[in-house]
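User: Could you walk me through this model? I'd like to start with how its parts are named and then go wherever the questions lead.

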Amino acid sequence: MQSQNIDAIKAIFHSRLTTLEHILKTAATHFNDSEEFLERRLAADMFPLSTQIIFTCNQPWNFALWCDGQAPNNLDPTVTSLHQAYEQITKTKEKLTASAAVDSKLNEVSQIPLGESLCLELSGRAYVDEFLMPNFYFHLVTTYDILRMAGVPLGKRDYMLHLIPGIRQVAS
C-alpha cells in the first residue's frame, strides 16, 4: 500500500477511529454498560483492551504531530473507563483535523525515535506506510479480536464501516 496524500491519510485514520468508537459502543451494549471488558486480553503477555485503544489512537496522534513538525508523544495509556476511551478518540480526531502539512512532507526523511537511543530513519511516505499504518491496524484488529473473543456480536460489517456508503443494490 502506498499512501496517496496527507488528506487521504487523515481520512483513513479518521474513518477507522469512527470504527473503533462503533465497536466499543457495540461492546458497551453487549455488556450492559459494564466496563469490565476493558481489561480483557488475547494472551497474558499482551496489553489489555484499554491499552490497545490508546495504541490505536497513538498512530494518528503521532501522524498529526509529525505533520506539524513535532516529535512523537504518545497519549496517556491509562484508560479506566469508556468515557476516557471516547475522549481519547475524540481528542485524536480533533488533532488530526487541526494538523497541517503539505504533501511534499511525505518525501522528507525523518528520524523516528524508538526509545533506548534508537531511531528509524524513514521518508514520510515510509513512516506512514511501513510504521504508522501497520501499527494502527494491528491495534485496531487486536481490539476487535479481544471483543469477538469476549462474545461481542461483531462481524466484518462492523469492522468495514467505511465501505457502507458505497454499498448499492445490484441493478437487474
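Analyst: Helices (H or I, at least four residues) and strands (E, at least two) are taken as DSSP runs and numbered from the N terminus. This is a predicted model, in which local features need pLDDT of at least 70 and side-chain atom pairs count only at pLDDT 80 or more, while totals for chains, interfaces and linings use all residues. Residues are numbered from 1 along each chain as its sequence is written, and side-chain values use heavy atoms, with hydrogens and water left out.

User: Okay, pockets then: which element gives the most to the lining of the largest pocket?

Analyst: That is H4, with five residues, and H2, strand E1 (109-115) and H4 each supply at least two. On a 1 Å grid over the protein atoms alone, a pocket is an open set of points where a 1.4 Å probe fits, with protein on both sides within 12 Å along at least five of seven lines, whereas in a cavity the probe cannot get out; lining residues have an atom within 4 Å of a point.

User: What volume does the largest pocket have, and which residues lie nearest its centre?

Analyst: The volume is about 250 Å³, counted as the space filled by probe spheres set on grid points that are joined across faces, edges and corners. The lining has 14 residues, and Gln 59, Asn 62, Asn 74, Pro 113 and Phe 131 lie nearest the centre.

User: How does that lining divide into nonpolar, polar and charged?

Analyst: It divides into eight nonpolar residues, six polar and no charged, where Ala, Val, Leu, Ile, Met, Phe, Trp, Tyr, Cys and Pro count as nonpolar, Asp, Glu, Lys and Arg as charged, and the others, Gly among them, as polar.

User: Switching to the largest nonpolar core, which residues touch the most other members?

Analyst: Of its 45 residues, those are Phe 13, Leu 20, Leu 24, Phe 37, Phe 63 and Leu 147. The elements giving two or more residues to this core are helix H1 (6-30), helix H2 (49-67), helix H3 (82-98) and helix H4 (124-149). A nonpolar core here is a set of buried Ala, Val, Leu, Ile, Met, Phe, Trp, Tyr and Cys residues joined through side-chain atoms within 4.5 Å, and buried means under 20% relative accessible area, with exposed over 50% and partly exposed in between (1.4 Å probe, protein chains only).

User: Take Leu 24: what is it in contact with?

Analyst: Leaving aside neighbours within four places in sequence, Leu 24 is in contact (heavy atoms within 4.5 Å) with Phe 37, Ile 53, Leu 82, Ala 85, Tyr 86, Ile 89 and Leu 147.

User: And Ile 89, buried or exposed?

Analyst: Ile 89, found in helix H3, counts as buried because its relative accessibility is 0%. Not counting residues up to four places away in sequence, Ile 89 touches Leu 17, Leu 20, Glu 21, Leu 24 and Cys 57.

User: How many salt bridges does a search of the whole structure find?

Analyst: The search finds three, each being a side-chain nitrogen of Lys or Arg within 4 Å of a carboxyl oxygen of Asp or Glu. One of them joins Glu 21 to Lys 93, with the closest N and O atoms 2.7 Å apart; this pair links distant parts of the chain, since Glu 21 is in helix H1 and Lys 93 in helix H3, 72 residues apart.

User: Are those two buried or exposed?

Analyst: Glu 21 counts as buried at 14% relative accessibility, and Lys 93 counts as buried at 12%.

User: Where are the other bridges?

Analyst: Arg 40 meets Glu 36 at 3.4 Å, N to O; Arg 40 counts as partly exposed at 30%, and Glu 36 is partly exposed at 39%. Lys 105 meets Glu 108 at 3.3 Å, N to O, with Lys 105 buried at 13% and Glu 108 partly exposed at 38%.

User: What about backbone angles, say phi of Asp 33?

Analyst: Most residues other than glycine have a negative phi. Phi of Asp 33 is near 65°, a positive value, and Asp 33 sits in the loop between H1 and H2, where it counts as exposed at 61% relative accessibility. Phi of Ser 117 is near 60°, again a positive value; Ser 117 is in the loop between E1 and strand E2 (118-123) and is exposed, at 82%.

User: Last one: which residues is Ser 110 in contact with?

Analyst: Ser 110 lies in strand E1 and is buried, with a relative accessible area of 15%. Apart from neighbours within four places in sequence, Ser 110 is in contact with Trp 66, Leu 120, Glu 121 and Leu 122.
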